[in-house]
Amino acid sequence: MIDYELLNKQIESVIKDTEYNISNLANISAIIYDSIDNLNWVGFYYNVDNKLLLGPFQGKVACTVIEYGKGVCGTSLKENKTIVVKDVHEFTGHIACDSASLSEIVIPIHKDNKIYALLDIDSPKLNRFNNDDKNGLELIAKTIEKYLR
C-alpha cells in the first residue's frame, strides 16, 4: 500500500521553492516513477489550445501530440475528469505508445480554472490502479496546482 500523504509531502518539499513548472513536473514524474511499483511510464501532457503536447516524463519514448478527445488522455481532457482504465485494450480508441502498457490512470491538473496539464501513468499490469491510487494521485494533482507559476 502506498502512503500517498507521505509521497505528497515529499513532492511538496521538492517543488515549493522552485519557480519553474517544467523543473517541478520533471522531478514529480521521477518521484512518482521511483515510488510506486508496477509502472512503466509517468509523465505530463500540456494542454495547448485543446491539444496535448508531451511534457516531462519517465519511461520509454512517448506520443508527442494527442488530439482532443482521442485516447485516454484526450478523453480526460474532454471530460475534465480523472480516468482509470483497468485494461487499455478495452478502452475504445486507446493510443498505444508503449505496447507493454496494460492499465492507465490520467488526472487533470488545473490552473486559472482550465486544464493546464494531465498527469498520465501507465502500468504493465492489468487493473493496477484502484480508488486509493485515484484519491492519492488527485491529492498530488492539487499540490501541483498549488505551486504552478
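In the predicted model, Asn113 is an exposed residue, with a relative accessible area of 81%. Asn113 is located in the loop that joins strand E5 (103-111) to strand E6 (114-123). Although Asn113 is not a glycine, its backbone adopts a positive phi of about 60°.

A second residue with a positive phi is found at Asp49, where the angle is about 55° and the residue is, again, not a glycine. Asp49 belongs to the loop between strand E1 (41-48) and strand E2 (51-59). The relative accessible area of Asp49 is 75%; because this value is over the 50% cut-off, the residue is classed as exposed.

Across the whole structure, the search identifies 3 aromatic pairs. One of these involves Trp41 and Phe57, whose ring centres are 5.3 Å apart and whose planes meet at 20°; since planes under 30 degrees apart count as stacked, the pair is assigned to that class. Distant parts of the chain are linked by this pair, as Trp41 lies in strand E1 and Phe57 in strand E2, with a separation of 16 residues. The two partners can also be described by their accessibility. Trp41 has a relative accessibility of 4% and therefore counts as buried, the limit being under 20%. Phe57, in contrast, has a relative accessible area of 28% and is partly exposed. Together with Tyr45, Trp41 and Phe57 make up one aromatic cluster.

Helix H4 spans residues 131-147 and thus contains 17 residues. The distance from its first C-alpha to its last is 25 Å, which is close to the 24 Å expected at 1.5 Å a residue. At the start of H4, a side-chain oxygen of Asn130 approaches the backbone nitrogen of Asp132 to within 2.9 Å.

The buried residues of H4 are Asp133, Gly136, Leu137, Ile140, Ala141, Thr143, Ile144, Glu145 and Tyr147. In an α-helix there are 3.6 residues a turn, so residues three or four places apart point the same way. The partners against which the buried residues of H4 pack comprise both helices and strands: helix H1 (4-15) and helix H2 (21-35), together with E1, E5 and E6.

Notes
Residues numbered from 1 in each chain as written. Predicted model: local features only at pLDDT ≥ 70, side-chain atom pairs only at ≥ 80, totals over all residues. Heavy atoms only, no water. Helix = DSSP H or I, 4+ residues; strand = E, 2+ residues; numbered from the N terminus. Buried < 20%, exposed > 50% of the residue type's maximum accessible area, 1.4 Å probe, protein only. Expected span 1.5 Å × (residues − 1). Contact = heavy atoms within 4.5 Å. Polar contact = N/O pair within 3.5 Å; in protein donor to acceptor, adjacent residues only side chain to side chain. Phe/Tyr/Trp six-rings, centres within 6.5 Å; stacked < 30°, edge-to-face > 60°.
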